[in-house]
Amino acid sequence: MIEIKTNRRVELIDITERVREIVERSDVEDGIVVIYTRHTTTAVIINENERGLMEDVIVTLERLIPTQAGYIHDRIDDNADSHLRSILLGNSVVIPITNGKLDLGTWQRIIFVELDGPRNRRVVVKVVPC
Ligand code: ZN
């Protein structure tokens with residue numbers, strides 16, 4: 001389990017090193033790790049952690065799923081855009097573990113996406129030998 005305190009409404013947070021620590025402590029040589037967010041207004045993605053790209057993700061989410069665009073859920077909770085963005089991005093990723101290490105590509109990072117912050121969030125990390 002990883003606890004994350006977010007600071008903005010929409011924010012991308014690199015959690016690669018925290019996942020790496022859990023995987024390496026587990027002593028699993030070959031398997032998979034599942035990173036799963038239990039919230040309905042967050043997401044987990046794998047991509048390059050480049051400052052410009054992180055801004056592009058935020059701008060693109062706003063373009064694809066604008067805030068306050070007449071959503072029905074906004075009548076009761078005012079955060080339909082956050083839920084819809086979460087659905088679009090997905091709530092989990094799976095990464096292979098090879099020789100006891102996260103088997104990520106050179107530019108790949110694990111990124112937690114806050115879509116309705118700031119809040120305290122929890123991400124489940126399950127290491128599965130196989
Ligand atoms: Zn809601």
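1. A nonpolar core is a set of buried Ala, Val, Leu, Ile, Met, Phe, Trp, Tyr and Cys residues joined through side-chain atoms within 4.5 Å. Buried means under 20% relative accessible area, exposed means over 50%, and partly exposed is in between, with a 1.4 Å probe and protein chains only. The largest such core here has 19 residues, and those with the most contacts inside it are Ile 15, Val 19, Val 33, Ile 35 and Ile 110. At least two residues of this core come from each of strand E1 (2-5), helix H1 (16-26), strand E3 (31-37), strand E5 (92-98), strand E7 (109-114) and strand E8 (120-129). Helices (H or I, at least four residues) and strands (E, at least two) are DSSP runs, numbered from the N terminus.

2. Some notes on the source. This is a predicted model, in which local features need pLDDT of at least 70 and side-chain atom pairs count only at pLDDT 80 or more, while totals for chains, interfaces and linings use all residues. Residues are numbered from 1 along each chain as its sequence is written, and side-chain values use heavy atoms, with hydrogens and water left out.

3. Val 19 can be followed through its contacts, where contact means heavy atoms within 4.5 Å. Not counting residues up to four places away in sequence, Val 19 touches Ile 2, Val 33, Ile 35, Leu 102, Ile 110 and Val 125. Apart from the core of 19 residues lies another core, of 10 residues, among them Val 10, Ala 43, Val 57 and Leu 115.

4. Helix H1 has Thr 16, Val 19, Ile 22 and Val 23 as its buried residues. Seen down the axis of H1, these fall within an arc of 130 degrees, so they line one face of the helix. The arc is that of the directions from the helix axis to the C-beta atoms. After H1 comes Asp 27, with a positive phi near 65 degrees, although Asp 27 is not a glycine. Asp 27 lies in the loop between H1 and E3 and is exposed, with a relative accessible area of 65%.

5. Helix H2 (residues 51-64) has 14 residues, which at 1.5 Å a residue should span 20 Å; its end C-alpha atoms are 20 Å apart, which agrees. The expected span is 1.5 Å times one less than the number of residues. Met 54, Val 57 and Leu 61 are buried in H2. Down the axis of H2, its buried residues fall within an arc of 50 degrees, so they line one face of the helix. Arg 51 and Arg 63 are exposed on the other side of H2. The cover over the buried residues of H2 includes strand E2 (11-14), helix H3 (80-89) and E7.

6. The loop between H2 and H3 holds Gln 68. Gln 68 is not a glycine, yet has a positive phi of about 50 degrees. With a relative accessible area of 55%, Gln 68 is exposed.

7. Which residues supply the protein donors of the zinc ion? They are His 73 (NE2), Asp 77 (OD), Asn 79 (OD1) and His 83 (NE2), lying 1.9 to 2.2 Å from the ion. Donors are N, O and S atoms within 2.8 Å of the metal (3.2 Å for Na, K and Ca); water is not among the atoms, so sites may look incomplete. Along the chain the zinc donors follow the spacing H-x3-D-x1-N-x3-H. Both Asn 79 and His 83 are buried.

8. The zinc site is irregular, with angles of 90 to 154 degrees among its 4 donor atoms. Four donors count as tetrahedral if all angles lie between 85 and 135 degrees; four count as square planar and six as octahedral if opposite donors are over 155 degrees apart and all others between 65 and 115; anything else is irregular.

9. Helix H3 has Ala 80, Asp 81, Ser 82, His 83, Arg 85 and Ser 86 buried. The buried residues of H3 pack against strand E4 (42-47) and H2. Gly 90 follows H3 and has a positive phi, near 100 degrees.

10. Glu 11 is placed in strand E2 and counts as buried at 8% relative accessibility. Thr 6, Phe 112, Val 113 and Glu 114 are touched by Glu 11, not counting residues up to four places away in sequence. From C-alpha to C-alpha, Glu 11 and Arg 119 are 11 Å apart in space and 108 residues apart in sequence.

11. Gly 117 and Pro 118 are joined by a cis peptide bond, with omega about -5 degrees. Pro 118 lies in the loop between E7 and E8.
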